[in-house]
Amino acid sequence: MAFTHHSSPPPPLLLQSVPNSTQFQVDLQTGLGFDSISRTFGQPDVVVNCAALSIPRACETDPTLAMSVNIPSSLIKWLSSFTTSDTLLIHLSTDQVYEGTKSFYKEDDETLPVNVYGKSKVAAEEYIVANWSNYAILRSSIIFGPQTISPVSKSLPVQWMDNVLAKGQETNFFHDEFRCPVYVKDVVNIIQILSKRWISDGKKMGLVLNVGGPDRLSRVQMAEVVARVRGYDTSLIKSVSASSIDRGVKSPADISMDISKLIQTLDFTPTSFHDGVKWRETDLSSTDTQRYASEGWFMKLMEGNKQFVVKDPRKAHLFYMPFSTRMLEHTLYVRNSHNRTNLRQYLKNYAQKIAAKYPFWNKTGGADHFLVACHDWPSGKAWALHSGEPEFEPWRTHSGDTEASTPGYMAPYEMRHHMEHCIRALCNADVTADFKIGRDVSLPECYVRSARNPLRDLGGKPASERHILAFYAGNMHGYLRKILLEYWNGKDPDMKISCPMPPGVASKMN
Ligand SMILES: NC(=O)c1ccc[n+]([C@@H]2O[C@H](COP(=O)([O-])OP(=O)(O)OC[C@H]3O[C@@H](n4cnc5c(N)ncnc54)[C@H](OP(=O)(O)O)[C@@H]3O)[C@@H](O)[C@H]2O)c1
């Protein structure tokens, strides 16, 4: 697998998420860089061309540049330099090839773009059809999905709507521009299906497909879905006509697409806009809510805190390393891969960067630094089971069961190396699992049930209304609980000690 990049290299996080990938700098306008791919990589089986000048206003400002980047003549010239035409070219085109004067365009409807961007994409399609026989042209609608691994300069459509609505500010949305937004993971799946088909069948394609979601939606309707899913006030959405705003470029009104060819050819069921927005929300909330909220919660409180944070590092007693184990797992771990190389590499780079940048690290080898992490995450239990670097161990959850797909035990390696002296504040730490009494601390677990309203059900009644000094309910994990209960149980009426609570009650407890 290889990536190309143009002005700046692909972000390390992206490269690390595809182990053993190579990268090449290529300029589609001039063709510079293709030769080095031929020399080291050879002829690819599949090329996915996502490169483009894709902002319509930028194309309108510089049509010559738009044409020279968007028509992939240098790419096809390079492909033609190989002795066989055995490469499948999957080319990203756009719904903006259509004029926008009717609904549900089919692939063989006339293409009549209203702006330079659309014109350059039509010219690209024509160039490919005339010069390369093995192609799949994907006319994509607006692509939406979770936040990208690294920031992108364009504003992402759902994220933008989410941001303005979250601020509670009234915002204009067009009621007369219709699109069929497509979930980004569907686009990825379509590309995968096409690639696998070519590699297994070896039949040249010559395929043009509308790639959209199943819903024809105006921008108002999209904003309404985002508002409903995220719990925002829908009255903030002001419905206006697209003609009321000058965007410096013409935009087609209704380029909704008929996607029956996509569904039939690939036997594919696209995601609805509502589900895509909801999954995106789940993707986000699963990382910062539920029982894994403590580290994010700590970060948030530290950021807003004037009492414990100092600007002058010379006045600091301790240095906090503000990384989130949950976000690392979420962004870098390839589900079920059982491979944590990229997570380890990331942490190693992180620690080395801190050491290089700040002299404070080197004074104590990190002993005056602390990290806050999910329970068990940086424990050494797995390490103890292996003499070398652990490949994979299931990690223990609160209930004592195992989550075989969780990369929890990638951390011991770091704990034994780059971060071995750090103080660890672990949510609900397990003292049996390499917890060092005297160095490490346990952080109370907090169970955030709603990303939108994180304080819901937290904290309980004000102190003046509480009549019990302490309450304990639960199982007897570890050895400390037994010792503590020997002192507490039945000794003091203000200490209520209980067995494990029934499931209905336990799930509501914090
Ligand atoms: N995103 C959508 O909603 C959407 C909808 C319909 C169709 N599409 C199509 O899908 C494709 C990908 O869209 P996107 O949103 O990912 O676009 P994007 O964010 O604008 O990315 C375009 C990429 O093209 C690269 N590029 C620009 N000039 C280049 C050159 N001369 N040589 C080599 N690479 C160059 C850019 O690299 P640098 O930044 O380094 O220059 C950038 O990485 C495009 O063809 C677009 O037209 C996208």
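**Close-up views of the predicted model**

**View 1. The shell around the ligand.** The shell residues divide into 11 nonpolar, eight polar and two charged. Here Ala, Val, Leu, Ile, Met, Phe, Trp, Tyr, Cys and Pro count as nonpolar, Asp, Glu, Lys and Arg as charged, and the others, Gly among them, as polar. Which residues come nearest to the ligand? Of the 21 residues around the ligand, they are His6, Ser7, Ala51, Ala52 and Leu92. A residue counts as near if its C-beta atom, placed from the backbone, lies within 6 Å of the molecule or strand. The model is predicted: local features need pLDDT of at least 70, side-chain atom pairs count only at pLDDT 80 or more, and totals for chains, interfaces and linings use all residues. Residues are numbered from 1 along each chain as its sequence is written.

**View 2. Helices H4 and H6.** Helix H4 spans residues 63-70 and helix H6 spans residues 116-131. Helices (H or I, at least four residues) and strands (E, at least two) are DSSP runs, numbered from the N terminus. The axes of H4 and H6 come within 9 Å and cross at roughly 30°. H4 is therefore roughly parallel to H6. (Angles under 35 degrees count as roughly parallel, over 145 as roughly antiparallel, 65 to 115 as roughly perpendicular and the rest as oblique; axes are lines fitted to C-alpha atoms, for helices over the stretch in contact, and angles run from 0 to 180 degrees between N-to-C directions.) The crossing of H4 and H6 is right-handed, meaning that the near helix is turned clockwise from the far one by less than a right angle, with anticlockwise being left-handed. H4 brings Pro63, Ala66, Met67 and Asn70 to the contact, and H6 brings Val116, Tyr117, Ser120, Lys121, Ala123 and Ala124. Contact means C-beta atoms, placed from the backbone, within 7 Å. The residues of this H4 and H6 contact are seven nonpolar, two polar and one charged.

**View 3. Helices H7 and H9.** Helix H7 (residues 157-166) packs against helix H9 (residues 219-230) at an angle of about 65°. Their axes are 10 Å apart. The crossing of H7 and H9 is right-handed. Val158, Met161, Asp162 and Leu165 of H7 meet Met222, Ala223, Val226, Ala227 and Arg230 of H9. Seven of these contact residues are nonpolar, two are charged and no residue is polar.

**View 4. The sheet S3-S4-S5-S10.** Four strands form this open sheet, with parallel pairing. Two strands pair if DSSP finds at least two bridges between them. Strand S3 (46-49) and strand S10 (207-211) are the edges, each pairing on one side only. From one strand to the next, the twist averages 20°. Strand S5 (residues 135-140) and S10 pair in the parallel sense over five bridges. Alanine 136 has leucine 207 in S10 as its bridge partner. Helix H8 (residues 184-201) lies across S3, strand S4 (88-94), S5 and S10, at about 155° to S4.

**View 5. The sheet S13-S14-S17-S18.** This open sheet also has four strands and parallel pairing. Its edge strands are strand S13 (319-320) and strand S18 (441-443). Three bridges join strand S17 (residues 423-427) to S18. Cysteine 427 has leucine 443 in S18 as its bridge partner. Helix H12 (residues 294-303) lies across S13, strand S14 (369-373), S17 and S18, running at about 130° to S14.

How values were computed. Two residues are in contact if their C-beta atoms, placed from the backbone, lie within 7 Å.
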